[in-house]
Amino acid sequence: AVPLVVAVSTALAAQTGLLIRDRSAFERARNLEAVVFDKTGTLTEGRFGVTDIFPLDTIGEDELLRLAAAVESASEHPIARGVVRAAEERGLEVPGADTFQAIPGKGVEADVAGRTIRAVSPGYLDEQGIAVRNERVAAAGRQGKTVVYLLEGNTLLGAFALADIIRKESREAVDRLKGMGVRCMMLTGDNRSVAAWVAEELGLDEFFAEVLPTEKAERIADVARRYRVAMVGDGINDAPALVQADVGVAIGAGTDVAVESADIVLVRNDPRDVATIVTLSQKTYAKMV
Ligand code: ADP
Ligand code: MG
């Protein structure tokens, strides 16, 4: 039988907007030592807007955006949505594309009117040994913007800077946890300078950047060797990491994968509720022997 205090707390948790799917994970939360947050869509809104367009070849801004939107049209990634929206806002006619291929954690590729075009991360360019020397693009990266490069074959056509915004609740979510002695960390596939900027803004203790979707669960396993850890994510690329954590928490009005992979779901979609999990778990299980 379920002890009465646990039953009462589960009802209380539901009122607070916590959906507890795994009761033993909820119990473990009272001794939490670290929380790892996903960046995009968890600490940030996950809505990217294009802020700058940098043609780096003989191409014009509109042509660059048209090609990028064509390549991104089949991608569900928040970056892709931002690029497509920017083209729509300029009233551009986006050409058709085919043979779409995701480059996981790095970008996308497609054929546009017989041209093979890739929209990729700065890390991908480094790997391919393609050097970029453009002070304006570098400055955008340092400001915490996400930079996407557009390539035709190995020729650089241009770049875009996109900005996401930090959710207004994130700072308090981190402050509350740190006040309880819980270390706050962030895990992201995005590049190091964006990650460093968000970490600085929020006062995070540690962060991991440029982590491929396939590596996220391993990183959590590493952290779990040092600390009793919760992972908070929206399920986009991070479902295996949620499963790996001592306490997996889904946010973002959850993708189905997130909900299925998580021990606890934040129904109100508010990162501050992670601290509530800890206090409620402590209250519930302190009363038990
Ligand atoms: P996050 O961990 O922040 O959710 P992802 O693992 O989804 O990030 O993506 C990591 C990086 O890969 C992005 O920051 C971006 O540089 C690149 N990327 C992924 N998908 C796309 C795309 N559709 N277009 C351009 N770049 C992309
Ligand atoms: Mg994500």
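Two residues are in contact if their C-beta atoms, placed from the backbone, lie within 7 Å. The views below show a predicted model.

**View 1. Contacts of methionine 186 in the largest nonpolar core.** Leaving aside residues up to four places away in sequence, Met186 touches Val36, Phe37, Lys39, Leu43, Ala195, Val198, Ala199, Leu204 and Phe207. The largest nonpolar core has 53 residues, and Met186 is one of those that touch the most other members, together with Val35, Val36, Ala230 and Val249. Another core, of 35 residues, lies apart from that one and includes Ala68, Ala140, Val147 and Ala161. In soluble globular proteins, nonpolar side chains tend to be buried together.

**View 2. Strand E2, residues 34-38.** Five of the five residues of E2 are buried, so the strand is largely enclosed by the rest of the structure. Ala34, Val36 and Asp38 lie on one side, Val35 and Phe37 on the other, and both faces are covered. In a regular strand the side chains alternate between the two faces of the sheet.

**View 3. The strands paired with E2.** Strand E9 (residues 183-187) pairs with E2 in the parallel sense over five bridges. Strand E11 (residues 229-233) also pairs with E2 in the parallel sense, over four bridges. Phe37 stands opposite Met186 in E9 and opposite Val232 in E11.

**View 4. The surroundings of ligand 1.** Ligand 1 is surrounded by 21 residues, the closest being Thr40, His77, Ser121, Gly189 and Asp190. By class, seven residues of this shell are nonpolar, 10 polar and four charged. Helices H3 (39-43) and H5 (78-89) and strands E5 (107-112) and E7 (146-152) each supply at least two shell residues. Domain 1 (4-45 + 166-286) and domain 2 (49-163) each contribute at least three.

Definitions and conventions: Residues are numbered from 1 along each chain as its sequence is written. Chains are lettered from A and ligands numbered from 1 in the order in which they are written. This is a predicted model: local features need pLDDT of at least 70, side-chain atom pairs count only at pLDDT 80 or more; totals for chains, interfaces and linings use all residues. A nonpolar core is a set of buried Ala, Val, Leu, Ile, Met, Phe, Trp, Tyr and Cys residues joined through C-beta atoms within 7 Å. A residue is buried if 20 or more other C-beta atoms lie within 10 Å of its own, exposed if 12 or fewer, and partly exposed in between; C-beta atoms are placed from the backbone. Two strands pair if DSSP finds at least two bridges between them. A residue is near a molecule or strand if its C-beta atom, placed from the backbone, lies within 6 Å of it. Ala, Val, Leu, Ile, Met, Phe, Trp, Tyr, Cys and Pro count as nonpolar, Asp, Glu, Lys and Arg as charged, and the others, Gly among them, as polar. Domain bounds come from an automatic or database domain assignment.
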